[in-house]
Amino acid sequence: MSEKLKVLVCGDVEGKFDSLFKRVDSIMKKSGPFDSLLCVGNFFGINNKEFIPYKLGDKKVPLPTYILGPNEDYHVKEYPSDQAEFELCPNVYYLGKRGLYTDSNGLKIAYISGVSGTNTSGSWTFSEKDVTELCDACLRGNPTFRGVDFLLSSQWPSNITSETSKKISLSKNATSDLPAYLCMRLKPRYVISGLEGVFYERPPFRCPSLGDHDTTLESVTRFLGLARVGNSDKEKWIYALSLTPLDKMKLSELLQKSTDETPCPFNFQDLESKIFRNKRKSSTPLQYFYDMNIPEDENTRKKHKKPKIDFDQSKCWFCLASPSVEKHLIICVGTTAYLALAKGALVDEHFLICPIEHYQNSIGQPAEVLNEIKQFKDALKEFYARNGKVPIFFERNYKTSHMQLQAVPIPKNATRELKDIFIDESESQGFKLEILDSHNRLDQVLPPKVPYFTVELPDSMVLYTKIQGNTNFPLNFAREVLASGPVLNMPERVEWKECLMDRKMEENLIQQLRSDFEPFDFTIWRYTKHVLYDQVESSSMIYSARQQPWNYTHVRKISREIFLKITSDSKTGRSIH
């Protein structure tokens, strides 16, 4: 079993930040380091002066801390108005309105901020629409979804205290059917809530399967209601957990029975009927955000916000299963990532390393994806070295939807003062590149969901910057530096659109690059083992495969024929793995 993670969960902070972080410091000194702190309930209070030194950097938050959004109207001003900004101060991150966050260790955290409103979603309320979209974010297009490790909801699920002898009086806030519905759909291992000002640890229960299309596991769910920080009643407000991420656990471990299990407190049919009853009985088709059939005056029309458009993965240029991907640019395909020629390449051997599935950036990707990306990087280092060159790897997680790690070769003698050139150029454009300490990883210094730029130099030094919401980051920054006089001296090739080739020229170049890269292509032998044999057994190549020696040259020939055959079929929409 994988090494367990240590996580702290906390109830309503209500502006008592010094008490919180002093207690966290004390726990870490006594019990060792923890991976993260998850806060539910009201993070801010009436007086939030204690937060100012943390924002200014005078005081330090001891570990990555993730918080939910506001539950009161007067707390809204404490959160960023720009939805792209999630870092409230160093090491304190606002998760967002709703979503699924997977940390660098594989821990899956589903969350919904605020309290349930009547039928609309506001800045501090959520509705059935938010719950439906959260379920879609977790389940849609994910046929192997098993559940989540945490469900964070400031509001308690309705009926959570039923089916157990341990009763408690809830007085401050009404419970809600919506978190209960999320619990049934997402099968969290832990549900964490606040707001009520009391500590309650419910005996474990299992949410039953919801039918043939439910891929989640009937794993044990535990509920924790946490009190307020520093409360006078000495109710427990912080709790330490040790767990292995769900996706890294064996099935037998997840389904193992516990001695104190109770029946599930929720009835899915009742929940579904109460939550969606009005919509399902409506005979008039409604718009996604509001009913277009309702008359509205000019003033009302102006108040409508522009609806947020969900990303259409089928239109992604870089998802291998998307019909929009230009497959003729692909050099080779691994199990979880692929190598392709960059469109409008700076030089002929300017490549992209992309994950096959849709990931926005390199932070928080599964270990198998990161490992294969590293394999591609290592192969490119050897590939470039044959001509006395070294690679520059860079990634821009800004105004992109699919992760692209770009690789550009430069002469070895052009690496002199390369670090200083990048840093000087960044400062001249209004931002600063920081040097990543050798003992740190990128995901330890960059918060989730925050745009960033990073570049890895030939000596493995990594430079990075967080792109602030009000920064107009230059999209061609890396190309500008590499095309400059001290490096490649190609100022005319800064803009990728001016470097485009016609389809025929691209195909000729790709054919040459595939041939040149073959001796360094680690995916060939993988295809031999996992793909080629099945393909050969069912194809017209079976005779030649059995009659000719099974050597490298022959494997390469057959693998290339099969690779070209598969990649040329843009109608299948299937990735090669």
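On a 1 Å grid over the protein atoms alone, a pocket is an open set of points where a 1.4 Å probe fits, with protein on both sides within 12 Å along at least five of seven lines; its lining residues have an atom within 4 Å of a point. The model is predicted, so local features need pLDDT of at least 70 and side-chain atom pairs pLDDT 80 or more, while totals for chains, interfaces and linings use all residues. Residues are numbered from 1 along each chain as its sequence is written, and side-chain values use heavy atoms, with hydrogens and water left out.

Start with the second largest pocket. Its volume is about 850 Å³, counted as the space filled by probe spheres set on grid points that are joined across faces, edges and corners. The lining holds 33 residues. Trp317, Phe318, Lys343, Gln404 and Trp496 lie nearest the centre. By class, the lining has 19 nonpolar, seven polar and seven charged residues. Here Ala, Val, Leu, Ile, Met, Phe, Trp, Tyr, Cys and Pro count as nonpolar, Asp, Glu, Lys and Arg as charged, and the others, Gly among them, as polar. β17 (337–341), β19 (389–397) and α11 (477–483) each give the lining at least two residues.

β17 and β19 also belong to an open sheet of eight strands. The order is β16-β17-β18-β20-β19-β22-β23-β21, with antiparallel pairing. Strands pair if DSSP finds at least two bridges between them. Inside the sheet, β18 (residues 351–355) and β20 (residues 405–411) run antiparallel, joined by three bridges. Ile353 faces Leu405 of β20.

Now step back to the whole chain. It has 15 helices and 23 strands. These are DSSP runs numbered from the N terminus: helices are H or I of at least four residues, strands E of at least two. Of the 577 residues, 49% are buried, meaning under 20% relative accessible area with a 1.4 Å probe, protein chains only; exposed is over 50%, and partly exposed lies in between. Among contacts (heavy atoms within 4.5 Å) with a separation of 6 or more, 71% link residues 24 or more positions apart.

Leu100 gives a local view. This residue sits in strand β6 (residues 98–102). Is Leu100 buried or partly exposed? Leu100 is partly exposed, because its relative accessible area is 28%. Beyond four places in sequence, Leu100 touches Lys108, Ile109, Ala110, Tyr111, Leu134, Cys138 and Val148. Cys138 is 38 residues away in sequence, yet its C-alpha is 6.6 Å from that of Leu100.
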